[in-house]
Amino acid sequence: MDFDTDVLIVGGGSAGCVLAARLSEDPRCRVTLLEVGGDGRGWVVETPAATGLMLPRKLNNHAFETVPQPGLGGRRGYQPRGRALGGSSAINGMIYIRGQREDYDQWAALGNPGWGYADLLPYFRRSEHNEQFDDAFHGQGGPLNVAALRTGNPFQRIFLDAGREAGYPVREDFNGAQQEGVGIFQVTQKNGERWSAARAYLFPHLADGSRPRSNLTVRTGVRVRRLLVAQGRAVGAECEPVAGGPVLRIRAREVLLCAGALQSPHLLMLSGIGPAAQLQAHGVTPVVDLAGVGEHLQDHPDFILAYRAPSLDLMGLSPAGLWRLWREIGRYRQARVGAVTSNYAEAGAFLRSRPEVATPDLQLHFILGIAEDHARKVHAAHGYSCHVCLLRPRSRGSVRLGSADPTAAPRIDPGFYQDPRDLEDMVAGVRLTRRLMDMPALRARRHRRHQEEMFSAHAQSDEALREQLRARSDSCYHPAGSCRMGPDPARGDVVDARLRVHGVDGLRVVDASIMPTLVSGNTNAPVIAIAEKAADLIREDWAARA
């Protein structure tokens, strides 16, 4: 068979960008990357505060919805996912968090040798150029720039003061020896601009980059309809231009699926790889009966507390606030500092919902504005908010076919609060967050006539809080686990510890979908480390076959 490329990467998100860059380091290896969205360039991606323009709408964003969630009172949840080179790193809050040592050690204990914390730490260090830290936990010289925020916002200090008043330690580095406490987030920015995975890994090696590679081909605006499998081996993909045009077939020696936790299982099923009965029900001919594809979906449930506070250091649509924004745009254009460099969630915390919990099971994101419904509801008032999300939910959901049409969205069911223990943990989390928000440092900044919470002040009993959680919780944007890594396809594992799909040669999945369990924090940095490790695994396997 004549191959069009040696490696075909499906999906130009964080993992796809890492793999394209690392595997094309070998000039003998032809690498082709396909992305359904745009090129991930331009001011709306590069300007940090423009996250607020992309998150609530279909701007570089798939903007998926879930099926109705019984645990959320029958509401549909919102699932923003990046649709551009860089994937969700082109639209996210840029927070650089890895999770906890125990997360990765659990992966190894579940039958995945080589995936413990000590195994992943070198890849975290290799990937980053950390402007603040260079120690046993952090690296410098890597493609991914990690930096301190450049806003100078006084509410960072105010939040830390509230944390001290509540008795929590202040952490300079959430990714160091200890995570528990309050602190300021590091962000994936460089010189006050978003530093997406595409800017970090991919753009330097394109034709207009500083170090172009002739063996690297990137195509945007291309939808993959299905993977091609012949005699038990993946041999390429069938695709088409999103703007219209003929269906193309690209032949490859190895296929790497990097479409993300929602779309990787979806594309596997469209290709006949998944639970046979489900595929047949949608008219898809099964190629490999792999029951775990699309199962075990996990996500962090999230709830927001919001307060009015009359400070121009906080976001708001007042005349004075708009005048300040105009001045801040000028500062940004001149020096890349100030409010326009904000990721909104500038500070946060990792806390335990109860004293008996061994490690933090809650993450807080302190927002410099009033946040509601993923910024789809805008408030004129100035204020601040605090997200509380459950880091290790027990509930499990699924990603399934809605139809055999490759242009149709997947059927997404996170299963929020399916396990009632998650709801009880969140009740404890809301109470703990309220206590922090009521510390004098923060309470003193609230509006004198509107001291109470904006949305849920009436909910004081546990039952009232449960009702509020069902009415107002949603995703913290961290879906994972839908192509779970593990040794046994009979128990629902989809890929092995080398990320090879069980039952299909020449095919690997590399993205958040392979996480056996969800990490205790934001997922972008872990996905980049996963892809860094995957590049080494792939090269090792090639060398063994040579």
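Which residues in H4 meet which residues in H5?

Modeller: The model is predicted, so local features need pLDDT of at least 70 and side-chain atom pairs count only at pLDDT 80 or more, whereas totals for chains, interfaces and linings use all residues. Residues are numbered from 1 along each chain as its sequence is written, and side-chain values use heavy atoms, without hydrogens or water.

From H4, Arg101, Tyr104 and Asp105 meet Tyr117, Leu120 and Phe124 of H5, where contact means heavy atoms within 4.5 Å. By class, four residues of this contact are nonpolar, none is polar and two are charged (Tyr, Leu and Phe count among the nonpolar types, Asp and Arg among the charged ones). The axes of helix H4 (residues 101-109) and helix H5 (residues 117-127) come within 8 Å and cross at roughly 120° (axes are lines fitted to C-alpha atoms over the stretch in contact, with angles from 0 to 180 degrees between N-to-C directions). H4 and H5 are therefore oblique to each other, the class left over once angles under 35 degrees (roughly parallel), over 145 (roughly antiparallel) and 65 to 115 (roughly perpendicular) are set aside.

As for the sheet, three strands in the order S17-S22-S23 form an open, antiparallel arrangement (a strand is a DSSP run of E with at least two residues, and two strands pair if DSSP finds at least two bridges between them). S17 and S23 (411-413) stand at the edges with a single partner strand each, so one side of each lacks a neighbour in the sheet. S22 (residues 397-400) pairs with S23 over three bridges, and Arg400 stands opposite Arg411 in S23.

Notes
Helices (H or I, at least four residues) and strands (E, at least two) are DSSP runs, numbered from the N terminus.
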